[in-house]
Amino acid sequence: MTNEKINNCCCCGGKEPSHKIENNDICPLCKTSGIKVKNITVKHLVVDALTKSVGDIDYYICMNEGCDVVYYNPESGVKFDKQQVKVPIWFKKDANPKYACYCSKVTEEQVIDAVIKHGAKTVKDIIEITGAMKNSQCEKNNPLGKCCHNIIQEAIDKGLSMK
């Protein structure tokens, strides 16, 4: 996950802005640059006991798969690790399950299975076979706070390479 171009999202209302990595905002633990995530996403995904400590600021998500930090804000010093969020973060090591679509709870394994066993080749095929992207609440449910289209496409590509 690095800089992503604007994509036409099929579930979240058209074009979605890119999430750029900002080099001056690094993870306090692993020193990797993060991607900005809106406050609403962090508030929705941290465990209930920590919701108030999120405050009204936006955060960054650490994209380092081996780092335990998920969300952090360099200005406030507040950070949340894997044990402090409600869902496994698909790109983090040991994520289980590894969701491709958080809103519909469709896993990477289900997407790969749809590719290998049912011949899916496109995101549209995956939507029809698995029900992914039907409950579009990406800003709240996806840890990046954006549409899962790219995550699903990566799982499709993985499945196609396994055929």
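**Notebook: helix packing and the nonpolar core**

I began with helix 3 and helix 4, which are roughly perpendicular to each other, because an angle from 65 to 115 degrees counts as such and these two helices pack at about 100°, with their axes 10 Å apart. I note here that the model is a predicted one.

I then listed the residues that make this contact, and found Gln 110, Val 111, Ala 114, Val 115 and His 118 on helix 3, with Ile 126, Ile 129 and Thr 130 on helix 4.

On the helix 3 side I found Glu 108, Val 111, Ile 112, Val 115 and Ile 116 in the contact, and on the helix 6 side Ile 152, Ala 155, Ile 156, Lys 158, Gly 159, Leu 160 and Met 162. I sorted the residues of the contact between helix 3 and helix 6 into nine nonpolar, one polar and two charged.

Finally I turned to the largest nonpolar core, which has 40 residues, and asked which of them touch the most other members. They are Val 42, Ile 61, Tyr 71, Cys 101, Ile 126, Met 133 and Ile 152. Among the elements that each supply at least two residues of this core I noted helix 1 (39-45), strand 5 (59-62), helix 3 and helix 4 (123-130), while the largest share, four residues, comes from helix 6.

Key: Residues numbered from 1 in each chain as written. Predicted model: local features only at pLDDT ≥ 70, side-chain atom pairs only at ≥ 80, totals over all residues. Heavy atoms only, no water. Contact = heavy atoms within 4.5 Å. Nonpolar A, V, L, I, M, F, W, Y, C, P; charged D, E, K, R; others polar. Core = buried A, V, L, I, M, F, W, Y, C linked by side-chain atoms within 4.5 Å. Buried < 20%, exposed > 50% of the residue type's maximum accessible area, 1.4 Å probe, protein only. Axes fitted to C-alpha atoms, helices over the stretch in contact; angles between N-to-C directions. Parallel < 35°, antiparallel > 145°, perpendicular 65-115°, else oblique.
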